[in-house]
Amino acid sequence: MAALMLQKAVGDSWSIELIESSKLGIIGVGEGSTPALKSFFDEVGIPEYEWMPACSATYKTGITFDRWSEKPGFESYFHPFYSYFDRDHAKALIHNSIVRRSGKNVHAHPNVFAYNHYLSEKKLCPVTPYHFPFEVQYGYHFDAGLLAQFLKQIALARGVAHRDTLITDVTLNGIGNISSVSDEMGEKFLADWFVDCSGFAALLIGDALKTPFKSYADTLWNDRAVTLAMPPEKEPSCETVSTALKSGWAWRIPLQSRVGYGYVYSSRYTSAEEAEAELREHAGADTSVDARHLSMKIGRRELHWVKNCVAVGLSQGFIEPLEATSLALTQQTISRFINAFKYGNTDQGFRDIFNRSVNKSYDDVRDYISVHFLINGRSDTQYWVDNREKPGPASREISAVFNCWFDSGDLPGLLKHLKIDGAYSNHSWHYILCGMGLFPDETGLELPSQEDIDKVNLENFREFFNRCALNHQPHGEFLNGLSNNKT
Ligand SMILES: Cc1cc2nc3c(=O)[nH]c(=O)nc-3n(C[C@H](O)[C@H](O)[C@H](O)COP(=O)(O)OP(=O)(O)OC[C@H]3O[C@@H](n4cnc5c(N)ncnc54)[C@H](O)[C@@H]3O)c2cc1C
């Protein structure tokens, strides 16, 4: 991604070389994205009909969170990618959430307020074959190994050089800049700029430049994952499903060639063997299906741009993949670096601003992810009880969000004031707080006023969605036609 974006931005004025080692390979997991990935492909000029069939990709309208709460009526909810098209529906949800928080009985479960949920329920593709006047936001699911191969081929074709070799040494000059990296044969690679894409190894930003790592382990406890691949669905759905298990949660991601499962869990609460057995049972996988175990280092570097090195991807940080945000943060970091060059901003003052803004993006995502665990409504295992009752320190921002929510305050206003609606919009905050049923108990709810009842007509929404849906094809059918549909 970094090589392609840089190549697109600077053309032939820089010579870009990607060095990687097939002895180490890539991490090869990470099958879900946010809508940001669409803008990456648009920016580098690669159409869906080219990359999606090559990477076994499917469309994604959002994430279903299953069994994160035992609260009746709130055992499952959908976090859609918000489209402007849904603004009136989202306004209605916000209205009903205020009424419900005040103890009156109106419908405030988010699913019926989001068109993307409707599409996912009906397995309809978010892209329409013909002109549809509303823009529907979507992300993708894909095979991470195939995507890396695909991007590499395109980058090579566009003039990026490539070396398959193992880097063993990094040399700094007198002012602390990286002057070269050397491989195991002793060959030196000199450059003006180095982009550290070495994954969790963080060869340049960590080992060579000694940039401290800020762990998020106090608030995000999951540090391991185990994955499995199952046969593809006949009719591929267009949603990720995240199901709460005993000591973490499991993703279910439909690709064209398989359904990917992964259990993200805390090693403090379960062992690798128990986690694998639990995932096998959840996915219906017998022992003939191979499982892969991974460790995750959760947190971020204190600085991402140091001297003449910028770290992107896992080398700069990782937040557990609950909302599939890693590639979006990676892409955002590369864009910010490119913009710095565009405007000639590479001095130390600007680097400080760059590092602060990248840190803020990571911390804001960390906060939103941590809320899923803080407000979970499960009591079946110690993991869930502890996450709710003995959580790590909440950020100032999260405390303010909860105070506002329970005091019937103006949440959209607060999020804007705190400047935390960049990573997750006010709609996403409502989807999660309403979806987990963070309301007064059902018993004792009063009847709403006639004005409140009249304000939100759910029948009208459904009727509107039904009519809009006539423009969409079944997801599987659209995918099958994608290679031939070069529009
Ligand atoms: C369990 C899990 C689930 C995830 N799910 C998602 C998701 O749903 N969505 C999402 O956006 N992201 C997800 N991610 C993150 C995603 O996998 C990464 O952001 C993405 O794969 C990019 O990784 P990377 O390129 O930074 O690192 P890697 O893929 O590890 O690549 C590192 C590269 O550096 C090279 N290298 C390292 N050391 C050397 C050396 N000494 N010499 C030469 N080359 C070297 C390697 O050969 C490799 O090519 C997930 C991650 C994990 C762990």
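A polar contact here is a pair of N or O atoms within 3.5 Å; within protein, one must be able to donate a hydrogen and the other to accept it, and residues adjacent in sequence count only if both atoms are side-chain atoms. With that in hand, here's the rundown on the ligand, a pocket and a cavity. This is a predicted model, where local features need pLDDT of at least 70 and side-chain atom pairs count only at pLDDT 80 or more, while totals for chains, interfaces and linings use all residues. Numbering runs from 1 along each chain as its sequence is written, and side-chain values use heavy atoms, with hydrogens and water left out.

**Ligand**

- Backbone N or O atoms sit 3.1 Å from a ligand oxygen at serine 21 and 2.8 Å from a ligand oxygen at leucine 314.
- Glycine 32 places a polar backbone atom 2.7 Å from a ligand nitrogen.
- On its own the ligand has 1000 Å² of accessible area, and the protein covers 88% of that (Shrake-Rupley method, 1.4 Å probe).

**Second largest pocket**

- A pocket is an open set of points on a 1 Å grid over the protein atoms alone, with protein on both sides within 12 Å along at least five of seven lines; lining residues have an atom within 4 Å of a point.
- The second largest pocket holds about 770 Å³, a volume being the space filled by probe spheres set on points joined across faces, edges and corners.
- Its lining has 29 residues, with Thr34, Gly422, Ala423, Tyr424 and Ser425 nearest the centre.
- By class, that lining has 11 nonpolar, 13 polar and 5 charged residues.
- Domain 1 (2-31 + 143-218 + 298-363) and domain 2 (82-135 + 364-467) each give at least three lining residues (bounds from an automatic or database assignment).

**Largest cavity**

- A cavity is a set of grid points where a 1.4 Å probe fits but cannot get out, and the whole structure has 1 of 30 Å³ or more.
- The largest cavity's lining comprises Ala2, Leu6, Val195, Val310, Val312, Thr333, Ile334 and Phe337, making 7 nonpolar, 1 polar and no charged residues.

Note on methods
Ala, Val, Leu, Ile, Met, Phe, Trp, Tyr, Cys and Pro count as nonpolar, Asp, Glu, Lys and Arg as charged, and the others, Gly among them, as polar.
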